[in-house]
Amino acid sequence: MRIIKRSLAVFLSIVLLFSILVFQLNPVSADSKSTIIGSGPIYGDTLFPFAGTYYKDSLYIQDAYGVSSFDAETLKFDKRFPVQSSVGMLSNLDFIDFLRIFSSGDSSADITNPVDMPQNHTIQPSLGITSDGECIIAEDSSSFGVYNIDSGEKIRSLSVPEFSHTFENCSSFKHFQVLNDTIYILGIIVEDQEEVYITKSQVYHLEFISMDKNGENIQHVLLDDCVSGFEETAMFASLILLRSFSISPGESKLAFLFGSKLIIASNNGAILAEKDFSDSDDFLNLISFYDENTLYTSGLNIDSILALEGCSITSYKLNEEASTIKKLDIIKVDESGFAPVYLNCHDNVTTMITSGMMKDLFQYKAICIKDEKSNLVGKYPNADGQICGSIAFTVDSNNKLYQTNLGANKINVFDSDGKFEKSIPIDLSVVSSIMGMIEFCPLMLDMDVDENYLYLSNAFLIMSFSISRYSFETEEWELVYCEDSFDSTPISPAISINVFEESIFCLNLGVKENLYPIVNLIDDFGELTEANFTFESSDYSPEELPMWIDMKYDTEEELIYLLDSANNTILVFDADEDLQTVITLTQPEKDKDKIVPFYSSLELCEDLLYITDVENNKLCVFDMEGTLIDTFGKSGSPKIATTKEAYKENADVFYGAWKIKLAKSHTSKDDPLYVSDFGNCRFHKIHLAHDPDHPEISFPEHAFVFSDFYVSESKSKIIPGSIIPEDGTISFKMNADVEWISFPKESGIFPSDSLEYIIHGDKLKCWDKNEGDVIIEFPDFPSNNQQFHIVVNAIGNIVEIQIGSNKAYINTEEYVLDDGSIPVISNGRTYVAIRFLSEKVFNATVEWNGEERSVTFFKDDLTVKLFVGKNTAIVNEKEVTLDSPPIIIEGRTLVPLRFVGENLGASIEWDGKTQTVTMYYPGK
């Protein structure tokens, strides 16, 4: 039984790892020469579901891509809409943090200990729908998102209320539920302490918060009395003491799981009943009110696990008068998984999310339970060639790609054209079991292949070191090596394996105490020898604790390359395990201010290093000195597709490229690269061609600011840059994301053609800051691609004239007026000569009609016509009345400045003290 209980803890660790992988990957890119292998989920599939509810005959499920709705009777897919949310199962962790646990100097690090979990402010995922069809989800730890379920449009965001009681340094964990247009929140807040939990009791508050669907009428109830005297044990980290929470349909009661207790209280905090499960075989972690006095619960049950049964729901009845909670029926949930992760009851329909069973633990499932009958909703992956969270893969000498989905017990095979060929079942009794008794779902970290076998590195118990292989000839599996997972000093899993002449080189997670990598060699007889890759501090003295993440064996040169991702360094050893070279991977100066890279995988061919950078979303090419010479692709985010064929589109977009591989038969740099696209559920086959004389362009500036730029002018600007080698040339293309920037030459050859752009003042938004980007692409060498930010503070013409003065100023430039054009005041209005207005200010065309004594201004689509001595004017064929008609003085026609100016788009200011008119054109 001790082994079984230990296994359960390991299972929870696997679920934790899965959650880490799914929700915290960053976008990565590749170039336009890539083609796509495989496909991901399509409409009607649910990918890693984690929340849901029933509403008006439909079931709504939230997964990694958004919210989908299904008919509750037929379970037929209806529609889906995307949501903005960073909240998922344990999404405060990421895969890189997980790897750092194993690189802490203790190769047997135990991630099952909750004390090691990072503490911060989080909210548990949930989903609720109001009476008028507004879907409320958690966007992050501080905000809710509200969506219209019919249109899928986001309506608003709401702030998550803060606790009324808080600490200066604290962590918090909150649950929420939407019921009858009210949002209910139950949370625990914990004082952060340096001491480990077992040496000092925690200071915490439990608080119940409610508010309406608009984020108003917020109420707080402190529930410390409900859990007073609770002695926290080392089994629980403080934040996971509060595991689940539910409000009764009548909103009069709340139930929550705190430690080993189920507590039911009134909505003002008075305890109605409680039940202790510390001596039970059940480990409850989910509850939901089915009706006002009935609770549905679910959790891990040892008997069910041993019987290889799925989850079940146990109902409990509250007797409020007797203050008791009585166990009622057990409802078996068909097709459910090993561990329940979400439970919600609404209008006699239950929505449940579970993991898979032992053999497919990571295939999370959404289940609709109605009238005690359960049905699976949106199963995925369930079709040939569908890819789900693929980490490990390899490519053989015939360019066949072999890959395993996250936790799946089969291997998909794609031919050299990228078409699905077949599946190879994994014999879990051989590959992934404890002493042949209990079969676990596999977790493949890496794969390799030769002519006879397919090799797998399996971390099915997180801490286990297991290598197995599949024979192409006999179609049978055999275990090559497996470390005892319960050994006092187990070897951590192999994150990278390389097979050469049936010998397996294994790079294991973690470091030795002296910072050396852990590398093991397994021969064809299954005998393990630990390598001794060492170095002197004078040769390599890393600033950060090394994270040895990938290894490649150069069979021709008999050199071994080890990638230290924490220090952006590759160490090269010879066959005698002596350090030969330290390659520091360097970024160009122009990239120094970007996010620190995390290099996750390595390939080498001839004199080039191919490396994936997960943090900066790049596929990078370095020379053997560690200088970045090229990058490929563009960033993109995952979107669910309407059809499988849609995954062939946008072949240059990556989201989570983790591993990079070359086929076993590769001979040159022109051979295709294969990269896993974790988030987009596909693989990329990329063809790259390299010029040995790779030019590099450098630019001293990447942002340009133009103050007081007059909209009446256009200016040509050149982006300064230099090229290495100095006699080199490179073709370019230029484009902009705003209409007020154009280019004399949109393409050319640099440096003979300058990188010139034009700012068009007449297209700027006047009296405002205009921002845009100039993008320069170098198609032959995309690593030089650049983006420049242009900021233009646009102003209009500023015209100043003074009554009686023969001087006028336009944008501070002085103009001398002739005697007949001097501004005058007549009938209390300022008059200006038409020639000055038309030629100097508005650049308008003017016509004088002597017969009807009229003057007409034409400016763009504006026409303003005035008549000497008449109080009638015509503006765009519409007759208007003016109080001051044009006049003639000394043979010159003068017009009322304000009327003409404002009708042509100017604004006028009058200073009576100085009798000065200031006109802004265009108007403010």
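Which residue forms a salt bridge with Lys661, and how far apart are the closest N and O atoms? Keep that in mind as you look through this predicted model.

1. **The Lys661 pair.** The partner is Asp446, and the closest N and O atoms are 2.9 Å apart. Lys661 sits in strand β51 (residues 657-662) and Asp446 in strand β33 (residues 444-449), so this pair ties together parts that are 215 residues apart in sequence. Both Lys661 and Asp446 are buried.

2. **Other salt bridges.** A search of the whole structure finds 26 salt bridges. One of them joins Glu478 and Arg469, at 2.7 Å from N to O. Here Arg469 is buried, with a relative accessible area of 8%, whereas Glu478 counts as partly exposed at 33%. In another, Glu852 meets Lys865, with the closest N and O atoms 2.9 Å apart. Glu852 lies in the loop between β69 (845-849) and β70 (854-859), and Lys865 in strand β71 (residues 862-867).

3. **A patch of negative charge.** On the surface, Glu501, Glu556, Glu557, Glu558, Glu606 and Asp670 gather in a patch of negative charge. Among them, Glu558 lies in the loop between β41 (548-554) and β42 (559-564). Glu558 is partly exposed, with a relative accessible area of 42%.

4. **Cysteines.** The structure holds 0 disulfides. Do have a look at Cys368 and Cys441: Cys368 is buried at 4% relative accessible area, and Cys441 is buried at 2%.

5. **Helix α5.** In this helix (residues 834-842), the buried residues are Ile834, Phe836, Leu837, Ser838, Val841 and Phe842. Just after α5, Asn843 takes a positive phi of about 50°.

Methods: Residues are numbered from 1 along each chain as its sequence is written. This is a predicted model: local features need pLDDT of at least 70, side-chain atom pairs count only at pLDDT 80 or more; totals for chains, interfaces and linings use all residues. Side-chain values use heavy atoms; hydrogens and water are left out. Patches are made of residues with over 30% relative accessible area and no salt bridge: like charges are joined within 9 Å, nonpolar side chains (Val, Leu, Ile, Met, Phe, Trp, Tyr) within 5 Å. Accessible areas come from the Shrake-Rupley method with a 1.4 Å probe; for residues, only the protein chains shown count as cover. A salt bridge is a side-chain nitrogen of Lys or Arg within 4 Å of a carboxyl oxygen of Asp or Glu. Lys and Arg count as positive and Asp and Glu as negative; His and the chain ends are not counted. The place of a charge is taken as NZ of Lys, CZ of Arg, CG of Asp or CD of Glu. Helices (H or I, at least four residues) and strands (E, at least two) are DSSP runs, numbered from the N terminus. Buried means under 20% relative accessible area, exposed over 50%, partly exposed in between (1.4 Å probe, protein chains only). A disulfide is a pair of cysteine sulfur atoms within 2.5 Å.
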